[in-house]
Amino acid sequence: MQFSLELMYRFAMNNLFAINIFFIGQIILLGLFYRSILKYKQQKTFVIWSLVVTLLILGIQFCIDFTQFLKFNLFAITITSLLIVVYALLHFYNMLTSNKEYYYFTIGVVFYLLTSTILFLVGNLTIGLSNEFKLMSWTLNAFLLLAYYLFILFQWKVSFSSKKKINI
């Protein structure tokens, strides 16, 4: 995703539509992921219905005003990110009484999506501010993304590391 956005930027192409594709893909993939690990039927039903309703709302928004798809759509970013956070919080709730499956991944999801959503929302307020301040907010987002990737890496290490020690 980053490579394609960078390539479009270098060729002076509008790449903002790709952000909308990313956020829609993210809610679909993470929504289905959380649906698969949630324990209760009501929670799974909630995930599917909220996912369908959200995609319908975004589809209607894009049909009414297609230019929303071609620009930085804060509504789409906010609704998709916060809904994923709700799914992650449902998983946290379930982990209170069960094993800590995908614990670090879920911490990363909640931490990154909440903070990046706030940065995106504040981003529109920084339009009139200096370029240094704008760069600082995007640098902070890049740092938060790196932290998110480290949570994913740590979860991968915890999940797939060898549980047995070899005695020599």
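Is tyrosine 148 buried or exposed? Tyrosine 148 is buried, with a relative accessible area of 9%; buried means under 20% relative accessible area, exposed over 50% and partly exposed in between, using a 1.4 Å probe and protein chains only. What you're looking at is a predicted model, where local features need pLDDT of at least 70, side-chain atom pairs count only at pLDDT 80 or more, and totals for chains, interfaces and linings use all residues. Residues are numbered from 1 along each chain as its sequence is written, and side-chain values use heavy atoms, with hydrogens and water left out.

**The overall picture**

- The chain has six helices and zero strands, where helices (H or I, at least four residues) and strands (E, at least two) are DSSP runs numbered from the N terminus.
- Read from the N terminus on, the elements go α-α-α-α-α-α.
- The chain has 168 residues, and 34% of them count as buried.
- Take the contacts (heavy atoms within 4.5 Å) between residues at least 6 apart in sequence: 68% of them join residues at least 24 apart.
- The accessible surface comes to about 11100 Å², and 73% of that belongs to carbon and sulfur atoms; areas are from the Shrake-Rupley method with a 1.4 Å probe, and for residues only the protein chains shown count as cover.
- One example of parts brought together from along the chain is isoleucine 21 and phenylalanine 69, which are 48 residues apart in sequence while their C-alpha atoms are separated by 8.6 Å.
- Isoleucine 21 has its place in helix H2 and counts as partly exposed, at 44% relative accessibility.

**Inside: the nonpolar cores**

- A nonpolar core here is a set of buried Ala, Val, Leu, Ile, Met, Phe, Trp, Tyr and Cys residues joined through side-chain atoms within 4.5 Å.
- The largest one has 20 residues, and those touching the most other members are Tyr34, Ile84, Tyr87, Phe105, Val109, Leu113 and Tyr148.
- At least two residues of this core come from each of helix H2 (16–37), helix H3 (41–64), helix H4 (74–95), helix H5 (103–123) and helix H6 (131–160).
- H5 gives the largest share of this core, with six residues.
- Leaving aside residues up to four places away in sequence, isoleucine 84 touches Gln26, Ile27, Leu30, Val109 and Leu113.
- Another core, of five residues, lies apart from it; Ile19, Leu74, Ile77 and Phe120 are among its members.
- What about asparagine 141? Its place is in helix H6, and at 9% relative accessibility asparagine 141 counts as buried.
- Not counting residues up to four places away in sequence, asparagine 141 touches Tyr112, Ser116, Leu119 and Phe120.

**Aromatic rings**

- Rings of Phe, Tyr and Trp (its six-membered ring) pair if their centres lie within 6.5 Å; planes under 30 degrees apart are stacked, over 60 edge-to-face and the rest tilted.
- By this rule, the count comes to 16 aromatic pairs.
- Tyrosine 148 and tyrosine 149 make a stacked pair, 6.0 Å centre to centre with 25 degrees between the planes.
- Tyrosine 149 is partly exposed, with a relative accessible area of 47%, whereas tyrosine 148 is buried.
- The rings of tryptophan 156 and phenylalanine 160 have centres 6.4 Å apart and planes at 50 degrees, so this pair is tilted.
- Tryptophan 156 and phenylalanine 160 both sit in helix H6, four residues apart, which is about one turn of the helix.
- Tryptophan 156 counts as exposed at 54% relative accessibility, and phenylalanine 160 counts as exposed at 62%.
- Phe22, Phe23, Phe72 and Phe120 are linked into a cluster by ring pairs.

**On the surface**

- Leu32, Ile48, Val52, Leu56, Ile60 and Ile64 make a nonpolar surface patch of about 550 Å².
- Patches are made of residues with over 30% relative accessible area and no salt bridge, with like charges joined within 9 Å and nonpolar side chains (Val, Leu, Ile, Met, Phe, Trp, Tyr) within 5 Å.
- H3 supplies the largest share of the nonpolar patch, five residues.
- Leucine 32 is found in helix H2 and counts as partly exposed, at 42% relative accessibility.

**The salt bridge**

- A search of the whole structure turns up one salt bridge, meaning a side-chain nitrogen of Lys or Arg within 4 Å of a carboxyl oxygen of Asp or Glu.
- The side chains of lysine 39 and glutamate 101 meet in it, at 3.6 Å from N to O.
- This pair links distant parts of the chain, 62 residues apart: lysine 39 is in the loop between H2 and H3, and glutamate 101 is in the loop between H4 and H5.
- Lysine 39 counts as partly exposed at 46% relative accessibility, and glutamate 101 is partly exposed with a relative accessible area of 29%.
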